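Hi,

Here is the structure I said I would pass on. Have a look at it first, and my notes follow below.

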Amino acid sequence: MAEKDGRSTHLGLSEDFAEQLAWRRLTAEHGDRLAEIMDEYGWPSAAAVGEEAATAAWLVAQHADRDLGVQRRALALMAEAVERGEDSAYRLAFLRDRVLVNEGRPQICGTQIAGVRDGAPVPWPCADPGRMDERRAEAGIEPFARYTARHAPGRSG
């Protein structure tokens, strides 16, 4: 699923409506499959399935935007795994921010980008933005300015 997701992510922002629809279908299918996995096994944490598979499950949850129930469930299960030391606080911070943004609430670590203004990436609203980099550091995420400088329009990696 992660490989197919990675090859298809660009479709979500395509100007071609058929490509956008293909992205929506793919993320819905993957979200449904992740729900089945969580039903049967719980959260596929790094401790249970290894880093590569845990990252893939997280990516599927991140992109399941059209099924907030799957995202919320993944977030709750992943938070428990992180609390037990079985998964990544880094991935949890990204998923938490994604769920908060999808709920229309301020994010915590500024991991979700709303768009680009004057050539610079701008995060969705963030709770207490003055402490954003502090919270990013606690989750093992580089400072916002350094992260966005690498992902700014016209930059390659």
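How many salt bridges does a search of the whole structure find? The count comes to 11. Bear in mind that this is a predicted model, so everything below is computed from it.

**Salt bridges**

One of them pairs Asp-65 with Arg-98, with 2.7 Å between the closest N and O atoms. That pair ties together distant parts of the chain, as the two residues are 33 apart. Asp-65 sits in the loop between helix H4 (51-62) and helix H5 (68-83), while Arg-98 belongs to helix H6 (residues 89-102).

Next, take a look at Arg-91 and Asp-87, whose side chains form a salt bridge with an N to O distance of 2.4 Å. Both Arg-91 and Asp-87 are buried. They also belong to a network of salt bridges that links Glu-51, Asp-87 and Arg-91.

Then there is Asp-133 with Arg-136, a salt bridge at 3.9 Å from N to O. These two are three residues apart in helix H7, so about one helical turn separates them. Asp-133 is partly exposed, its relative accessible area being 35%. Arg-136, on the other hand, is buried, with a value of 0%.

**Cysteines**

How many disulfides turn up in a search of the whole structure? The answer is zero. Cys-109 is in no disulfide, and the nearest cysteine sulfur belongs to Cys-126, 7.2 Å away. Since a disulfide needs the two sulfur atoms within 2.5 Å, that distance rules the pair out in this model. Is Cys-109 buried or exposed? Cys-109 is buried, because its relative accessibility is 6%, under the 20% cut-off.

**A backbone detail**

Finally, have a look at Asp-128. Its phi is near 45°, which is a positive value in a residue other than glycine. Where does Asp-128 lie? You will find Asp-128 in the loop between strand S2 (120-123) and helix H7 (132-138). With 42% relative accessibility, Asp-128 counts as partly exposed.

Cheers

Methods
Residues are numbered from 1 along each chain as its sequence is written. This is a predicted model: local features need pLDDT of at least 70, side-chain atom pairs count only at pLDDT 80 or more; totals for chains, interfaces and linings use all residues. Side-chain values use heavy atoms; hydrogens and water are left out. Helices (H or I, at least four residues) and strands (E, at least two) are DSSP runs, numbered from the N terminus. Buried means under 20% relative accessible area, exposed over 50%, partly exposed in between (1.4 Å probe, protein chains only). A salt bridge is a side-chain nitrogen of Lys or Arg within 4 Å of a carboxyl oxygen of Asp or Glu.
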